[in-house]
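My notes are below, in the order I took them.

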Amino acid sequence: MERSDLELVLAIRSRGSLAGAALALDVVPSVVTKRLGALEARLGQRLFERTTRRLSATAEGETVCQHAKGLLEGFAALENELGERQSELSGPVRLAGTFGFGRRWLGPALASFNQRHPGLEIQLQLVEALPDLVAEGFDGAVWLWAPQHRLAGDWVSRRIARNQRVLAASPDYLARRGMPADVAALAAHDCLVARENSVGGEREFALWTLRQARDGSTARVRVRGPLSSNSGEMVRDWCLSGHGIMLRSLWDIAPQLASGELVRVLPQHAMPDADIQWIAPWRPKTPRRVRLLIDFLVESFRAEPWKAVGPT
């Protein structure tokens with residue numbers, strides 16, 4: 001059967017007559033009669049019972065019509081997808097992101113995507129707290145953890161890249177204070193707390209939860225220290241200057257770890273649930289420009305490029 005055959009049987013059933021089907025298909029009635037007769041002959045089945053007063057589908061005709069509808073919808077979906085791929089991307093994309101990752105990694109990636117698709121208008125808003133994406137008109141956010149509050153069930157998320165938040169300190173600090181023997185020992189050290197990227201005050205910044213790589217067990221410790229800031233960059237600078245131990249993402253400090261300016265503390269432990277996520281309000285159909293951007297970000301960060309960055 002050809003596509004035109006599928007359109008024919010659906011037109012006949014929906015219009016209830018050969019004349020009505022001819023009008024819908026923009027042909028003369030004799031063409032519909034001839035085509036239907038040829039189709040029934042090929043199939044060896046009578047699809048419609050025809051009398052002078054009415055026309056109705058046979059059981060076989062109903063079966064053909066049911067399949068025809070799904071097949072034609074599939075043809076249309078395929079044509080739309082191929083048409084989208086051929087057309088140039090255009091229109092706005094409005095994103096939210098964290099300051100640190102946004103400046104260092106997300107911004108350059110968006111610039112590269114825009115070079116591929118210059119018809120796009122990409123707006124990146126760097127924020128400390130995750131905004132109400134729906135109310136403020138964002139297409140999505142690139143964030144450092146999946147949403148945990150009451151709106152999470154109304155959102156969709158996709159991991160863009162794996163990430164660990166690890167403990168680090170300068171060699172100078174460790175020479176003065178010593179290496180902690182375990183997670184509990186952190187409570188006796190000067191710990192540098194970053195109070196950034198909060199979600200409605202739900203995160204306990206000074207309560208560090210760490211997972212052991214070997215067996216997956218977790219331990220929690222409440223840390224303290226004389227210095228804290230809402231700027232992760234400030235906390236990193238303090239740590240480099242020897243003022244304490246910090247919990248920081250690998251994407252931010254990989255070069256300093258490679259150069260020896262910083263040293264991993266309790267290297268078998270890391271903070272769980274620190275992966276880089278795409279999060280967005282649920283919608284029935286995501287615009288193609290947004291879908292392709294998400295795919296681009298996943299591909300760009302799949303290999304965790306910060307691990308390949310050399311010493312600073």
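**Entry 1: ground rules**

I am working with a predicted model, in which local features need pLDDT of at least 70, side-chain atom pairs count only at pLDDT 80 or more, and totals for chains, interfaces and linings use all residues. Residues are numbered from 1 along each chain as its sequence is written, and side-chain values use heavy atoms, with hydrogens and water left out.

**Entry 2: salt bridges**

I asked how many salt bridges the structure holds. The count is 16, a salt bridge being a side-chain nitrogen of Lys or Arg within 4 Å of a carboxyl oxygen of Asp or Glu.

I looked up Arg-46 and Glu-49, whose side chains form a salt bridge at 3.7 Å, N to O. Arg-46 is partly exposed at 39% relative accessible area, and Glu-49 is partly exposed at 41%. For these labels, buried means under 20% relative accessible area, exposed means over 50%, and partly exposed lies in between (1.4 Å probe, protein chains only).

Next I took Glu-73 and Lys-69, which are joined by a salt bridge at 2.7 Å, N to O. I find both in helix H4 (residues 59-86), 4 residues apart, about one turn of the helix. Helices (H or I, at least four residues) and strands (E, at least two) are DSSP runs, numbered from the N terminus. An α-helix has 3.6 residues a turn, so residues three or four places apart point the same way. Glu-73 is partly exposed at 46% relative accessibility, and Lys-69 is partly exposed at 46%.

**Entry 3: Asp-252 and Arg-236**

I then checked the side chains of Asp-252 and Arg-236, which meet in a salt bridge at 2.6 Å, N to O. This pair links distant parts of the chain, with Asp-252 in helix H8 (residues 250-259) and Arg-236 in helix H7 (residues 232-240), 16 residues apart. Are the two partners buried or exposed? Asp-252 is buried, with 3% relative accessibility, and Arg-236 is buried too, with 14%. Salt bridges with shared partners join Arg-104, Arg-236, Arg-248 and Asp-252 into one network.

I also listed what Arg-236 touches, not counting residues up to four places away in sequence: Arg-104, Met-246, Asp-252 and Ile-253. Contact here means heavy atoms within 4.5 Å.

**Entry 4: helix H8**

I looked at how far H8 is covered, and 7 of its 10 residues are buried. Those are Leu-250, Trp-251, Asp-252, Ile-253, Ala-254, Pro-255 and Gln-256. The elements that cover them include helix H5 (99-116), strand S7 (165-169), H7, strand S12 (245-249) and strand S15 (276-281). Just after H8, I noted a positive phi of about 90° at Gly-260.

**Entry 5: H1 against H2**

Two packed helices are described by the angle between their axes and the distance between the axes. For helix H1 (residues 3-15) and helix H2 (residues 18-25), I have an angle of about 125° and axes 8 Å apart. Axes are lines fitted to C-alpha atoms, for helices over the stretch in contact, and angles run from 0 to 180 degrees between N-to-C directions. H1 is therefore oblique to H2; angles under 35 degrees count as roughly parallel, over 145 as roughly antiparallel, 65 to 115 as roughly perpendicular and the rest as oblique.

The contact of H1 with H2 has 8 nonpolar, 1 polar and 2 charged residues. In this scheme Ala, Val, Leu, Ile, Met, Phe, Trp, Tyr, Cys and Pro count as nonpolar, Asp, Glu, Lys and Arg as charged, and the others, Gly among them, as polar. On the H1 side I noted Glu-7, Leu-8, Ala-11, Ile-12 and Arg-15.

**Entry 6: Ala-187**

Where is Ala-187 found? I place Ala-187 in the loop between helix H6 (171-177) and strand S8 (191-194). Ala-187 is partly exposed, at 30% relative accessible area. Ala-187 and Arg-222 are 35 residues apart in sequence, with their C-alpha atoms 6.4 Å apart in space. Leaving aside neighbours within four places in sequence, I find Ala-187 in contact with Val-221, Arg-222 and Arg-224.
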